[in-house]
Amino acid sequence: MSKLIVSLSPHAHGNDSVERNMYGVIIALIPALLVSLIGFGLGSLVVLASSIAACVFFEWSITKYILKKEPTILDGSAILTGLLLGFNLPSNLPVWIILIGALVAIGIGKMSFGGLGCNPFNPALVGRCFLLVSFPAQMTSWPTTGQLTSYIDAQTGATPLSLMKQAIKTGDASVLEQLPSSLNMMIGFPDTCQTGAGCLGEICGIALLLGLAYMLWKKIITWHIPVSILATVFVLSGILHLSMPYYADPVSVLFSGGLMLGAIFMATDYVTSPMTYKGQIIYGIAIGALTVVIRNWGSYPEGMSFAILIMNAFTPLINTYIKPKRFGETVKEGKK
């Protein structure tokens, strides 16, 4: 029999619940989902459907047959993990690789720690990074948009992040002339069709910003993490761009790769992010700085996933040293 733990007063009733927040984030992802279907067609449908179905199945089977508990797939967390995992994959990824990623995300990233609320790392990113290091060729093959009936045989190309990385390695600023305009990187169409579009959830910054606006409106998240990440990346990228012309301009950096997706939907995960506003800002600044470092000096063009996972590991430390003031606590004399 489960115990009912009642904290000390005062008590306030709220309408928050796991289901409300999970399905709220899913609703916020609908604009990006629609854009991915328009951009990649069949490939997007196959990848997202496979990822969501696999995550739901693995959570149900592990909970029921290994943990011997009542399945909790209706709370929306498995659906959200599958959706986010799919958004972090290319549209031509074989289904068998997607199944492996879903098993790692749910089985290792979530259920091995006890399930929802106990996982120290974002499950979708655990699955994504496992696939990235295990199947680097398949995970870095980027189809172009507009191939609505193509899947495995889709035409691929270099992504904006790849072009930025090439410019840094060669010191040739002219490579950046191949980048789509900042406007088209925000919208996702039409001239990004000439380059690899990246993962499913990366092709339209406006769609992701609409999701951010919805979650802020519904108070599902606060502004502290996404704004601190994006502001840090913008400032650091701007400094690099001013110092060396072969570093891309900060606006292009903001709308390239998985930065928007990670800052808005991955780093803001309740379980793996700090509890206090001050801690969230520190967390966001660190993620932004790590992303810039990995993107510009690391082996991979993208650094957002690794930066979030690294800071997930520091979340308990941040929570330990940055705590909210206890109710009724007074300021010590001599301090303001």
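Leu37 is found in helix H2 of this predicted model. With a relative accessibility of 32%, Leu37 counts as partly exposed, because that class lies between the limits of 20% for buried and 50% for exposed residues. Leu37 belongs to a nonpolar patch on the surface, formed together with Ile27, Ile30, Leu34, Leu42 and Leu45. The accessible area of these residues together is about 490 Å². Helix H2 (30-40) and helix H3 (42-66) each contribute at least two residues to the patch, and the most come from H2, which supplies three.

Two packed helices are described by the angle between their axes and the distance between the axes. The axes of H3 and helix H5 (residues 95-108) come within 8 Å and cross at roughly 40°. H3 is therefore oblique to H5, and the crossing of the two helices is right-handed.

Two salt bridges are found in a search of the whole structure. In one of them, the side chains of Glu59 and Lys110 meet at an N to O distance of 2.7 Å. This pair links distant parts of the chain, since Glu59 lies in helix H3 and Lys110 in the loop between H5 and helix H6 (123-134), 51 residues apart. Glu59 has a relative accessibility of 2% and so counts as buried; Lys110, at 2%, likewise counts as buried. The other salt bridge joins Arg295 to Glu302, with the closest N and O atoms 3.0 Å apart. Both Arg295 and Glu302 are buried.

Notes
Residues numbered from 1 in each chain as written. Predicted model: local features only at pLDDT ≥ 70, side-chain atom pairs only at ≥ 80, totals over all residues. Heavy atoms only, no water. Patch = residues over 30% accessible without salt bridge, like charges linked within 9 Å, V, L, I, M, F, W, Y side chains within 5 Å. Areas by Shrake-Rupley, 256 points an atom, 1.4 Å probe, with all protein chains shown as cover. Salt bridge = Lys/Arg side-chain N within 4 Å of Asp/Glu carboxyl O. Helix = DSSP H or I, 4+ residues; strand = E, 2+ residues; numbered from the N terminus. Buried < 20%, exposed > 50% of the residue type's maximum accessible area, 1.4 Å probe, protein only. Axes fitted to C-alpha atoms, helices over the stretch in contact; angles between N-to-C directions. Parallel < 35°, antiparallel > 145°, perpendicular 65-115°, else oblique. Left-handed = near helix turned anticlockwise from the far one by under 90°.
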